[in-house]
Amino acid sequence: MADVVMPQLGETVTEGTITRWFKQPGDEVAIDEVLFEVSTDKVDSEVPSPAAGVLNEIVVAEGETVDVGVVLARIGDAAAAPAPAAAQAPEVSAEPPSDLPPPVLVPPTTEVGSPPAAAAPAAAAAAPSPAAVPVSATSHHDVIVIGGGPAGYGAALYGAAAGLDFALVEMDKLGGTCLHVGCIPAKELLETAAVVRAIGHADEFGITVGEPSIDFGQVQVRKNKVIDTLTAGVTGLLKHRKVTIYDGVGTLGANRTVTVTGADGAAVAITADHVVLASGSSPRTLPGFEIDGVNVMTSDEVLSLDHVPDRVAIIGGGAIGCEFASMLLDVGSEVTLLEYMPNLIPGADIDCSRVVERAFKGRGMTVNTGVAVSGWEPTADGLKVNFGEGDSVIVDKIAVSVGRAPRSGNLALDGTAVQVDERGFVEIDPLCRTHEPHVYAIGDLVNTAQLAHVGFAEGMMVVKDMLGETPMPIDYGNVPWCIYCHPEVAFAGMTEQQAKDEGFDVVVSKHKYSGNSRAMIIGETDGLVKVIAEKLPDGTGGRILGVHMAGPWVTEQLGQGYLAVNWEATVNEVAQFIQPHPTLSELFGETVLALTGRSLHG
Ligand SMILES: Cc1cc2nc3c(=O)[nH]c(=O)nc-3n(C[C@H](O)[C@H](O)[C@H](O)COP(=O)(O)OP(=O)(O)OC[C@H]3O[C@@H](n4cnc5c(N)ncnc54)[C@H](O)[C@@H]3O)c2cc1C
């Protein structure tokens, strides 16, 4: 007897509608014979039978919509039916291939996971476990991950796909900062801003529209719908891969014992061969700017605004601050952006920072760089924010965007050798192993680039390490960075200044979007591509060291630049590749080509 279940036809698909049964109860069916058709919001697909036999029962009728994993039909044995040659998952199944050997975990001894730097004092490791909760025999897992953000759920999905028995402890919502108060809502609101901009330029295309009015309540409804759909997708994927999810706050004690305390105060203790700490981060603020959620906001509150503030001061011109400034400007706020460093988006190449600053100012934003804020006070006209040498601005809201602090304080860690530095980051070695054997830490909790995709990469790396697959450490200097303000910024590898500081003799090529045909077609000609390469004796470019972009859709164009930098490709190698025409990405090709000593258009 075999159950036929609704398959997962895509990463974020959570349900499907049966549009047709090709067999009826009593019919014989062979393995791999098309059994039914399913329609999802992503794809329509004919699904083969997972087993051979007689279709005993159809549980879900044509036209019905059910969740991934729900039993649709039952296939019974048939004397005449051909025996299955090998169990074969549907083409799109998320299950690991059945011909892989079962995963072998590196056993929990102290030989692997040698601590980074000095080992913790033996007394700390021997301290009694804080978990006064009995551990039941059934609550042992291969791996427990604390935190269900991108780093934690990424580790769980990847590890479960490798056949490991994963448990995931989450105290709030699966998806973490990224899904609920980070990447996704921020980009979703920026898309609203893009629609407003497009309407503003409609007349250039011969389309007459009135002044747009914004219903921010509806904006939030759309944003929340995207979040809810993605949350359901992540939840479905975890369940499909049989990850055990524990709701509650997880704390780590000795001997890889994790205590999960639910909202009602009830606690359970679970153990594992390996533990992954992935509790993420929360917004920081500055002295004098205590968060009240009304006047002084963090990113959490900005993303939930139910109206467009008339005047807003954004403190911090990094990636998140620039995204908020850009979004609020486009939807109608009067924006003042205050940045302590001399340039916006510190870390980006100076040429890209300048593109953004010029564009912001051109759209009417007040940008003050190289200024420190000293405090704020309420006045009859609004909130007075003091900055620089006696300067101030009156606004209705203040958004503080000055980075995020690791959330290590709620992990307990008593009785373990896990070390936390003075800023709250858990200390790790290049493979994200903590001082405690078989305990890893990943994502925003550790002092690496605070990016969701870096969290995913760390999650996959630690799973490989558990499996003894000797993974390559992540090259943090070359990870991709994408900032979704308008104009967008994207880069990988060294800036021109970093390359020079590292002692490279460099050659640089810059090309502007103003000469790119697709950029003209879409009416977005602001920005440039900049490629930095090692200088060869003949003055042409050798190895590509950095690719930096500011302009239209550059976050979608960085891919080939990222590969070039990380593959340590040379200018001549990349210049061989043909760029499709007319595309924005032709500009990357032109910029690299120019470093060969000859060019086409540029
Ligand atoms: C406004 C904004 C925009 C951003 N945009 C981008 C972007 O475009 N691209 C990008 O790559 N990154 C972006 N980021 C950063 C990205 O969101 C983070 O790097 C990422 O979410 C970190 O993932 P994480 O899993 O380490 O932590 P988190 O996402 O913070 O998740 C940690 C999870 O652990 C849970 N948790 C904490 N403690 C415990 C405990 N003791 N027990 C159980 N559960 C616990 C939390 O509830 C949370 O769900 C943005 C961030 C913000 C704020």
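**Notebook: a sheet and a helix pair**

I began with a hairpin: β26 and β27 form one, with 4 residues between them. My strands (E, at least two residues) and helices (H or I, at least four) are DSSP runs, numbered from the N terminus. I take two strands as paired if DSSP finds at least two bridges between them.

Two notes on the source. Residues are numbered from 1 along each chain as its sequence is written. The model is predicted: local features need pLDDT of at least 70, side-chain atom pairs count only at pLDDT 80 or more, and totals for chains, interfaces and linings use all residues.

**Entry: around β27**

I checked the bridges of the hairpin. Strand β26 (residues 481–483) pairs with β27 antiparallel, over 3 bridges. Ile483 sits opposite Val489 of β27.

I then looked at the pairing of β27 with β30 (residues 541–551). These two strands run antiparallel and are joined by 6 bridges. Here Ala490 faces Met549 of β30.

Is β27 mostly covered, or is it open? I found 6 of 6 residues buried in β27 (residues 488–493), so by definition each has 20 or more other C-beta atoms within 10 Å of its own. Exposed would mean 12 or fewer, and partly exposed lies in between; C-beta atoms are placed from the backbone.

**Entry: the whole sheet**

I traced the strand order as β26-β27-β30-β29-β28, an open sheet of 5 strands with antiparallel pairing. From one strand to the next the twist averages 15°.

β29 (residues 528–535) pairs with β30 antiparallel over 7 bridges. Ile532 is opposite Gly546 in β30. I also found helix α8 (residues 350–362) packing on the sheet, where α8 touches β27, β28, β29 and β30. The direction of α8 makes about 10° with that of β30. Axes are lines fitted to C-alpha atoms, for helices over the stretch in contact, and angles run from 0 to 180 degrees between N-to-C directions. Contact means C-beta atoms, placed from the backbone, within 7 Å.

**Entry: α4 and α7**

I looked up the axes of α4 (residues 183–200) and α7 (residues 319–331). They come within 8 Å and cross at roughly 35°. On the α4 side, the contact residues include Leu189, Ala193 and Arg197. On the α7 side, they include Glu323, Met327 and Asp330.

Definitions and conventions
Two residues are in contact if their C-beta atoms, placed from the backbone, lie within 7 Å.
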